[in-house]
Amino acid sequence: STKRKKKKTNKDLIEDFLDVISDDDLRKFVRKEANTNIEFRGVFFTSFVQHYNDQNIEFFVEQIRAVKIPESRYSDPPAYSEVAVQNLIKYAQELVWSGNLEKALLICDALIQELNNSLYRYILGQEIKKSIAALFDILYTISAIKFSDDDRKKFFQKCIKYIQDNTFRHSDFDLKFYHLAIKVMETEEEMKELLTCLKMLNNWDSRSDLREEINYEMIKKMKGELEARKYLESHLSNPIFRRKAIEFAIEKKNYAKAIELANDGIKTGAHKAIGYVSEWKEYLHKIAVQLNDKPKLIEYYKAKYFEYGNEDKKQYYELMKSLIDIDKWPQFVEDLIKEYKQKSYYFDKVKIADVFIWEGYYDRLFEFVKANIPIEHAGKYEPYFPDDYRNEYADYLEQGIERYIKNNYGKTHNKTSCRYLRRLLKISSRQRVDTFIESLKMKFAKRPDLVAELAKV
């Protein structure tokens, strides 16, 4: 048989075409497409932009825009050429590495201008955000380079202008311009100018924490660590500052201060910053570990053990057991069970069964299941029941099956009832099950579908 020829990849086909196309024909194709296809022209220019010296911001903006803008607000493609943007970002990175900061900033200006225009005009997913993030990576790299004083001032004023123009407003990218300005800021006048801009955020209650963080960075840069720490200590309602203060106290081994800050955060966070409460509790745990404070560790693990939604209860149970004296453990277990019994939520109460299993209290497990757990959920506990409880368990199943049939109708529930009967058959005699089935047929004679399903058991 003839061997089937392997299908060529696009990469292979491109190479084949380039091998047979003459340079002259290729040039003709590029000229034609670049003159008639706006997007192709943008990709072409930005792919070879390093070979073109007469460049200005208008040139770069034109290439970024090298795509037809759709009429619909929610249309694809976006109002800029993604390929052109990526090419220019790559070129700007190369310019930074080679030391040509002026041209790199020129490209960044064009990218900022056009990406800002597109950010809210269209729903663009994550692609535009990735491009903006890459753009800021370039700007942060530039800000870390040693400038001449004139270039430093120009970079600072560029950041101020972007802030004043509300560039990338409401996206949190706008705040990055503040951080960039702080990196190159050197004079009191520049600090005052940036503080004036910062007041623009005063009406943004949801971003007050971020505004305070920017203020903190400015004070730290211009007035030093001590003044910055004073500012931080006076704004502890800001979770970012509370975190810094706690970490600083732990670093200095001032555990009393760290505990005070964490407890105060838990107290105030209950109604102001509830999302941070678990973080402050984690700090208390971290401190307790460092101090080997067993009572506090037990308190923490117990809270985690009872925490709603925590499925890994066995882990915290074992941690508590490892910290409590062996002669005190039985009473601690009884206290846990008592606390569970006081809870009203069913799925909290059934966790008592897990405690009985972990401690090997199988007699108590059986009594608990019999009194509290319906047959629908009892199957997972069966392997732990002692053999001499078979008759009692059979009684429990019979009562549960009859209750289930009484409360549930339909084909699916009929089959489920028979599945429970087969479970009963495994622990009881055929005669007992047949007698029970006959009694069910009599009690539910008006449900022929059920009676027919019972006959199959």
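This is a predicted model: local features need pLDDT of at least 70, side-chain atom pairs count only at pLDDT 80 or more; totals for chains, interfaces and linings use all residues.
Let me begin with the salt bridges. Side chains of opposite charge can pair when their charged atoms come close. In this model the count comes to 28 salt bridges.

A local example is found in helix α8, residues 149-164, where Lys153 and Asp149 lie 4 residues apart, about one turn of the helix. Their side chains meet in a salt bridge with an N to O distance of 3.3 Å. Lys153 is partly exposed, at a relative accessible area of 40%, and Asp149 is likewise partly exposed, at 39%. Both residues belong to a network of salt bridges that also links Arg152, Glu186 and Glu190.

Two further pairs reach across the sequence. In the salt bridge between Lys321 and Glu359, the closest N and O atoms are 3.6 Å apart. This pair links distant parts of the chain, 38 residues apart, with Lys321 in helix α17 (residues 313-323) and Glu359 in helix α20 (residues 351-359). Lys321 is partly exposed, with a relative accessible area of 32%. Glu359, at 18%, is classed as buried because its value falls under 20%.

The other pair is Glu402 and Lys443, whose closest N and O atoms are 2.9 Å apart in their salt bridge. Glu402 sits in helix α22 (residues 390-407) and Lys443 in helix α24 (residues 430-443), so the bridge ties together parts that are 41 residues apart in sequence. Glu402 is partly exposed at 26% relative accessibility, whereas Lys443 is exposed at 52%.

I turn now to the largest pocket. Its volume is about 440 Å³. The lining consists of 17 residues, and those nearest the centre are Lys281, Leu284, His285, Glu299 and Tyr300. Three helices, α14 (255-269), α15 (277-291) and α16 (294-306), each supply at least two lining residues. Of these, α15 provides the largest share of the lining, with 8 residues. By class, the lining has 7 nonpolar, 3 polar and 7 charged residues.

Finally, two individual residues. His179 lies in helix α9, residues 174-184, and is buried, with a relative accessible area of 19%. Which residues does His179 contact, leaving aside its neighbours within four places in sequence? They are Tyr140, Ile214 and Glu217.

Gln93, in helix α5 (residues 82-98), is partly exposed at 27% relative accessibility. Gln93 and Thr141 are separated by 48 residues in sequence, and their C-alpha atoms are 9.2 Å apart in space.

Technical notes: Residues are numbered from 1 along each chain as its sequence is written. Side-chain values use heavy atoms; hydrogens and water are left out. Buried means under 20% relative accessible area, exposed over 50%, partly exposed in between (1.4 Å probe, protein chains only). Contact means heavy atoms within 4.5 Å. On a 1 Å grid over the protein atoms alone, a cavity is a set of points where a 1.4 Å probe fits but cannot get out, and a pocket is an open set with protein on both sides within 12 Å along at least five of seven lines; lining residues have an atom within 4 Å of a point. Grid points are joined across faces, edges and corners, and a volume is the space filled by probe spheres set on the points. Ala, Val, Leu, Ile, Met, Phe, Trp, Tyr, Cys and Pro count as nonpolar, Asp, Glu, Lys and Arg as charged, and the others, Gly among them, as polar. A salt bridge is a side-chain nitrogen of Lys or Arg within 4 Å of a carboxyl oxygen of Asp or Glu.
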